[in-house]
Every structure is written in structure tokens, then in C-alpha cells.
Amino acid sequence: PALIYPGFYLFQIFSMKKQKQTCCALCFPGCHVSEAGVLAKSYIERGMLVPDQVMTRLMLPKLEQLRNHSWLLDGFPRTLAQAQALNNLYQMDLVINLNIPYETLKERLSDRWIHSASGRVYNMGFNPPRVQGKDDVTGEPLIQHDDDKPEALMARLRHYKEVAKPVIDLYK
């Protein structure tokens with residue numbers, strides 16, 4: 001097992017054996033069927049951070065299903081409590097910390113627009129929709145999460161840095 005840290009919003013498990021990405025947790029519609037998934041979705045829809053105990057209830061069973069496979073995490077764990085819960089079950093082979101400048105994150109995240117029904121993500125800088133503000137497949141309007149808007153983004157990034165430091169220190 002390995003994890004790439006940090007990540008933003010996208011929580012993924014990559015099954016290395018199957019050579020394909022298994023998108024999981026907060027971005028996978030099937031996960032919203034579980035009690036933890038429904039609870040996580042309710043926090044996200046209100047613009048709140050998903051509590052540690054909900055995240056671990058959501059992620060650890062998914063990892064258990066891959067116990068006999070190699071996997072790569074992106075965006076989990078985000079907090080020290082999540083990292084400790086993960087460490088109680090697994091020994092990490094490798095941890096990678098991506099040190100991305102805030103300006104780059106700000107630019108990419110503030111340009112992100114989403115088709116809420118499908119979860120399709122567009123970026124106005126490098127993956128824009130064919131028609132501005134409209135989903136390529138359905139033509140329905142795109143939305144921007146409140147915390148991706150420039151005015152909320154810097155506070156979000158400052159908070160993230162504070163939360164991420166103990167996790168990064170743990171894996172040094």
C-alpha cells in the first residue's frame with residue numbers, strides 16, 4: 001500500500017493489481033448507499049468538512065476489500081486521526097507529499113465547475129465544457145461549490161495546511 005498526500009476533495013483508491021482506477025468514497029455514487037456514505041454526502045452538501053469517524057467508516061471497509069492487493073490512495077488520510085486509524089490496520093510502503101504552491105491550487109480549484117447529477121468535473125483553464133456553463137453530455141447547468149469560489153478558497157487552504165502538517169510529520 002502507498003498513499004499520495006495531500007489531495008483535494010477527490011478520494012480515490014487505485015487497485016494496482018487490476019491496472020485500473022476504482023474511484024471510491026466521496027466521488028462514487030454507489031458509496032452514497034451506505035450509512036457512512038449518506039452521512040458524508042450530507043456534510044459535503046452543506047459545505048462542511050466530513051468528520052474523521054465518518055471518513056474512516058467510509059474508507060477503511062473499502063481498503064479491507066483490497067487487503068490482498070496493492071493500492072494507492074489520493075486524498076486520504078487528511079487528518080492525524082484518519083492517519084492513525086489507517087496505520088492501525090496497514091503498514092504503508094510509501095508516502096508521497098506533493099508540495100503544490102497555493103497559487104496553483106487556487107487557480108485550478110477556482111476554475112473547477114461540476115455537473116452535480118453525474119459528478120463530471122470541468123476546469124475552465126484546461127478542460128472546459130464545449131458550451132460555457134453547460135454539461136457536455138446533458139446540456140444541464142454546471143455548478144461551482146461555494147468552497148471552490150476564490151473568496152472561500154484561501155481560508156480553506158490555510159485550514160488544510162494546519163490539518164495536514166501533523167499527518168505529513170507522522171509519515172516523515
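1. Exposed here means over 50% relative accessible area, and buried means under 20%. The model is predicted. By these cut-offs, Glu103 and Glu107 of helix H4 are exposed; the rest of that helix is taken up in point 3.

2. The chain contains five helices and seven strands. Read from the N terminus, the order of elements is β-β-β-α-α-β-α-β-α-β-β-α.

3. Helix H4 spans residues 102–110, and its buried residues are Leu105, Leu109 and Ser110. These buried residues line one face of the helix, because they fall within an arc of 110° when seen down the axis of H4. Glu103 and Glu107 lie on the other side of H4. The buried residues pack against two elements, strand E6 (112–114) and helix H5 (150–170).

4. Helix H1 covers residues 35–45, with Ala36, Gly37, Ala40 and Tyr43 buried. They sit on the same side of H1, because the arc they cover around the axis is only 120°. An α-helix has 3.6 residues a turn, so residues three or four places apart point the same way. Glu35 and Glu45 are exposed, on the other side of H1. The packing partner of the buried residues of H1 is helix H2 (52–65).

5. For the chain as a whole, 37% of the 172 residues are buried. Of the contacts with a separation of 6 or more, 61% are between residues 24 or more positions apart.

6. The accessible surface of the chain is about 10100 Å². Carbon and sulfur atoms account for 55% of that surface.

Notes:
Residues numbered from 1 in each chain as written. Predicted model: local features only at pLDDT ≥ 70, side-chain atom pairs only at ≥ 80, totals over all residues. Heavy atoms only, no water. Buried < 20%, exposed > 50% of the residue type's maximum accessible area, 1.4 Å probe, protein only. Helix = DSSP H or I, 4+ residues; strand = E, 2+ residues; numbered from the N terminus. Arc of directions from axis to C-beta. Contact = heavy atoms within 4.5 Å. Areas by Shrake-Rupley, 256 points an atom, 1.4 Å probe, with all protein chains shown as cover.
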